[in-house]
Amino acid sequence: MQLKLEHFNIKIGQHKALFNIADAKELGIYPGDRVRIRGHNSLSAIVDTTDDMVPPGTLGVFSEVYEHFQDWDQPVEVVPAFRSKSASVIKKIMDKKPVVQDDLKTLVNDIVEENLSDIELSAFITSSYIHGMTDDEVEWLTRAMIDSGDRIEFDTHPIMDKHSIGGVPGNKISLLVVPIIAANGLLIPKTSSRAITGAGGTADLMEVLCPVEFSSQEVKEITEKVGGALVWGGATNIAPADDKLIRIEYPLSIDPYYQMLASIMAKKGAIGADNVVMDIPVGPSTKVPTVQEGQKLARDLINLGHRLGMNVECAITYGSSPIGRKVGPSLEVREALKVLESMEGPNSLIEKSSALAGILLEMGGAAPRNRGKEIALETLRSGKALEKMKQIIEAQGGDPNITSNDIQVGQYTAEILASTEGYVIEFDNKWIIEIARLAGAPSDKGAGVAIHKKMGESVKKGDSILTIYAEKEFKLETALTTAQRTNPIIVEGMLLRRIPGIYGFQ
């Protein structure tokens, strides 16, 4: 069938074609089927139908398809196509039948090429979430994810990297770890994520100081020039299947364990990492609630790293309280720069950063065994880490002379005051993150919260225990209302919540 193209200038994350119901009936196709579109290019697309958005004789295509035909003004030929081989692979996984390496390679390639519908991707994610995967399958999935995108191959080794499992607010330690490692002569090309459910990913933070969107080749050049980089992984073509899986996982609110392993290690493998330290925060409100679960995750990461030829060490860290006292991009950057400039800052931030950097220095041969943390601290004290951070900022197109005092935060603020005297006895990380997000973080860089009292600290009645920052007044009001309702920081003796009776007072 010959059809005229009509472009819908919308990106939907997959190859999809919109048929008038009359044309679909003539071709014998239904929503969810696939067709082959042939013009000066040829590709397959997933069928959807309408009775009014496109007229008969017209094929509606979204941006992902149109970019393959944009300089083509002739009708295209459309024919029914067979279902992708990945459909049978997904059926195997749903039926808990064994798959082979080529199955997973086919599946990942179809994910990257946007040949699978959301329903098919959801079936794969849900099945692997329920049934799990074998060690071989996780390795094959990881290798397929590495091979599906760009790889960075450095001439100099070892290549260092770190990753945090996340779930703890204020996790700004990469802004200290990367310059410490690079200042000691090791290469560390740190690709990071933006926040999905948090108040600021490392890429959101670094963007306060300089651009973070670079190609894989540019990341290599920056790293070789100054020893380190702090960039957004989503701008590279490194392990691209991961972002497409996250898009489906997010509304389902699930993070399949074995896909998480593959996702983490694929990104490390794609940048050629030799030595990786994994930060695994544990605590009731983190992604890893107990030390026992943290130890299992550590064993699985170390095992997968060994299969991929990477040396992985894991640090199980305290995750029941924020790192430092600031949450939100600009607030966190200001706090991290202050440490680099003068070693003034929260002990939790300095201790955790130097401990993890110390492990990497020992793994990379830049520090003797058991002296890594000491050398990391000396790198901070001496100003070498600050100087290296300035070089990284400049290499990424920012102002190397920026200081902590130059960082602007939200102009609208509100205080949460203690209603009684006592000690902080409870701290809810999840609500701290939610309040920062309601205030505008991470999209509003100046939004977030400053924490004045942490677990065990004494409080007097009327003391400020939390300050909310926002760039927009209406967001401040929403965040403040939520903070007052949820009491994320509990002081001994405080009324937690009042539950009225059915009829109230008569």
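At 42% relative accessibility, Asp147 counts as partly exposed, a class that lies between buried (under 20% relative accessible area) and exposed (over 50%), computed with a 1.4 Å probe on protein chains only. Its side chain meets that of Arg151 in a salt bridge, at 3.2 Å from N to O; the term denotes a side-chain nitrogen of Lys or Arg within 4 Å of a carboxyl oxygen of Asp or Glu. Arg151 is likewise partly exposed, at 47%. The model is predicted, so local features need pLDDT of at least 70 and side-chain atom pairs count only at pLDDT 80 or more, whereas totals for chains, interfaces and linings use all residues. Residues are numbered from 1 along each chain as its sequence is written, and side-chain values use heavy atoms, with hydrogens and water left out.

By this rule the count of salt bridges comes to 26. Among them is the contact of Lys91 with Asp95, at 2.9 Å from N to O. Lys91 is partly exposed, with a relative accessible area of 45%, and Asp95 is also partly exposed, at 37%. Another salt bridge brings together the side chains of Glu374 and Arg371, at 3.1 Å from N to O. Glu374 has a relative accessible area of 46% and is partly exposed; Arg371, at 36%, is partly exposed as well. Elsewhere, salt bridges that share partners join Arg194, Asp204, Glu207, Glu213 and Lys445 into one network.

The discussion now turns to secondary structure. Helices (H or I, at least four residues) and strands (E, at least two) are DSSP runs numbered from the N terminus, and two strands pair if DSSP finds at least two bridges between them.

Helix 12, residues 291–307, contains Arg299, which is exposed, with a relative accessible area of 53%. The C-alpha atoms of Arg299 and Glu313 are separated by 9.4 Å, the two residues being 14 residues apart along the chain.

An unreviewed UniProt entry annotates residues 423–490 as "domain: Pyrimidine nucleoside phosphorylase C-terminal"; UniProt positions are given in the numbering used here, feature names are shortened, and annotations may be inferred rather than shown by experiment. Over residues 423–490 the chain is 35% helix and 29% strand, and the end C-alpha atoms are 8 Å apart.
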